[in-house]
Amino acid sequence: MSQTVLTQQDGSYGTDVTRCICGFTHDDGYMICCDKCSVWQHIDCMGIDRQNIPDIYLCERCQPRSLDKERAVLLQQRKKEHLSGVCTFN
Ligand SMILES: [Zn+2]
Ligand SMILES: [Zn+2]
């Protein structure tokens, strides 16, 4: 996969944007896409069971709900440390 630089100049909207409550935009390997606004979010941050991914998913903006943002931030901070190569799993 090549690095994609997103530019807003062509006016394209809603394509492959990662916006998650954790504030991080890295791909942790478990992402989910909102069916309404096409934004990508971390499954773990949104409290979704990896074994039970819903057919139709809506982000917290399209379907407002209470989420544990602090937990999501901590979670992804730890993941990022692993992703940056401190140690490798599998
Ligand atoms: Zn996240
Ligand atoms: Zn949405």
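Modeller: We begin with a definition: strands are DSSP runs of E with at least two residues, numbered from the N terminus. The model before us is predicted.

Colleague: Is C34 buried or exposed, and why?

Modeller: A residue is called buried if 20 or more other C-beta atoms lie within 10 Å of its own. C34 has 21 such atoms within 10 Å, and therefore counts as buried.

Colleague: Which residues does C34 touch, leaving aside those up to four places away in sequence?

Modeller: C34 touches V39, Y57, L58, C59 and C62. As for R61, its C-alpha atom is separated from that of C34 by 9.6 Å, and the two residues are 27 apart along the chain.

Colleague: How should I read the pairing of the strands?

Modeller: Strands of a sheet pair through backbone hydrogen bonds, in either a parallel or an antiparallel sense. Here three strands make up an open sheet with mixed pairing, in the order β1-β3-β2. Because β1 (17-18) and β2 each have a single partner strand, they stand at the edges, and one side of each is left without a neighbour in the sheet.

Colleague: In which sense do β1 and β3 pair, and how many bridges join β2 to β3?

Modeller: The pairing of β1 with β3 is parallel and has two bridges; T18 has W40 in β3 as its bridge partner. Between β2 and β3, which run antiparallel, there are three bridges. In this pairing, I32 stands opposite Q41 in β3.

Colleague: How many C-beta neighbours does S38 have inside 10 Å?

Modeller: S38 has 13 C-beta neighbours inside 10 Å, so it counts as partly exposed.

How values were computed. Residues are numbered from 1 along each chain as its sequence is written. Chains are lettered from A and ligands numbered from 1 in the order in which they are written. This is a predicted model: local features need pLDDT of at least 70, side-chain atom pairs count only at pLDDT 80 or more; totals for chains, interfaces and linings use all residues. A residue is buried if 20 or more other C-beta atoms lie within 10 Å of its own, exposed if 12 or fewer, and partly exposed in between; C-beta atoms are placed from the backbone. Two strands pair if DSSP finds at least two bridges between them. Helices (H or I, at least four residues) and strands (E, at least two) are DSSP runs, numbered from the N terminus. Two residues are in contact if their C-beta atoms, placed from the backbone, lie within 7 Å.
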